[in-house]
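I opened this entry to go through side-chain contacts. My notes follow the structure.

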Amino acid sequence: MPGSFVHLHNHTEYSLLDGAVHIKDLIAECSRMGMPAVAVTDHGNLFGAIELVMETNSLNKSVAAWNKEHPEGPQKQEVKPIFGCEVYLSPTPISVKKQLPGRRKYTHLLLLAENETGWQNLVKLVSRSHLEGFYYKPRVDMETLREFHEGLICCTACIAGPLNEWLLNDQPEKAEEALLALKDIFGDDNIFVELQDHGMEEQKKCLPELVRIARKTNTPLLPPMTCTSSGRKITTCTMF
């Protein structure tokens, strides 16, 4: 839907200590506000996926019935589920269970399933992060991303993302290298530089550099919590 507003980065009650949104309420509110889709991207897990399917199916069934019974009245909005996860990206192979000097234990990376292949690969990534990569958090590494990248769209995430780690340390050249490494895995059409602005000083420092690096590398920008461009693949990234 051209010009539609879609939330692509949401943490629910399945993101312990980092989310308070109930999926049922989220779906209902998106429908009320005319949003055609919504993503659930909990930290390091896909526990909300079944509830997301059940709630969207239930709401869409009732919306379709309402619209059929009221063809002349205001039409309610069905909501398409987008399956995602904000994974924890390790700076080392996931077999290494120690922190590198001067580096974070992990950074954040947002992944969205574009199709069924992407969903299957997302499940594999998250499963491996728990079974093989757990060190403080369930982690993936660059090689795991490369192995299971197909069908996934990558966004550079929040202030804890891999680009911002370097920008906060005044190393923009390293941030550019990190972006190029991700582009090499996901391809030019499946990666977005995510912008967030909550008034934090750290974000104010990083935002201009993120825009500069994105333009220099010809990488599209993902505005704060929105996707309004009708031509982007990300506007239709959904499993079902």
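Is R212 buried, partly exposed or exposed? I looked it up: R212 has 35% relative accessibility and so counts as partly exposed (buried is under 20% relative accessible area, exposed over 50%, partly exposed in between; 1.4 Å probe, protein chains only).

Ground rules first. The model is predicted, so I took local features at pLDDT of at least 70 and side-chain atom pairs at pLDDT 80 or more, while totals for chains, interfaces and linings use all residues. Residues are numbered from 1 along each chain as its sequence is written, and side-chain values use heavy atoms, with hydrogens and water left out.

**Salt bridges**

I searched the whole structure and got 10 salt bridges (a side-chain nitrogen of Lys or Arg within 4 Å of a carboxyl oxygen of Asp or Glu). R212 pairs with E209 at 2.8 Å, N to O. The two are three residues apart in helix α7, so about one helical turn separates them (helices are DSSP runs of H or I, at least four residues; strands are runs of E, at least two; both are numbered from the N terminus). E209 is partly exposed at 24%. I also noted a network in which salt bridges with shared partners join R128, E132 and E147.

Next I checked K205. Its salt bridge goes to D170, with the closest N and O atoms 2.9 Å apart. K205 lies in helix α7 (residues 201-216) and D170 in the loop between α5 (162-167) and α6 (172-186), so the pair ties together parts 35 residues apart in sequence. K205 is partly exposed at 38%. D170 is exposed at 57%.

K183 meets D188 in a salt bridge of 3.3 Å, N to O. K183 is buried, at 8% relative accessibility.

**Aromatic rings**

I found three aromatic pairs in the whole structure (ring centres of Phe, Tyr and Trp, the last by its six-membered ring, within 6.5 Å; planes under 30 degrees apart are stacked, over 60 edge-to-face, the rest tilted). Y88 and Y106 have ring centres 5.0 Å apart and planes at 75°, so I logged the pair as edge-to-face. Y88 lies in strand β2 (residues 80-89) and Y106 in the loop between β2 and β3 (107-113), so the pair ties together parts 18 residues apart in sequence. Both Y88 and Y106 are buried.

**Contacts of S31**

S31 lies in helix α1 (residues 23-32). S31 is buried at 11%. Leaving out residues up to four places away in sequence, S31 touches L59, V63, Q77 and V79 (contact means heavy atoms within 4.5 Å).
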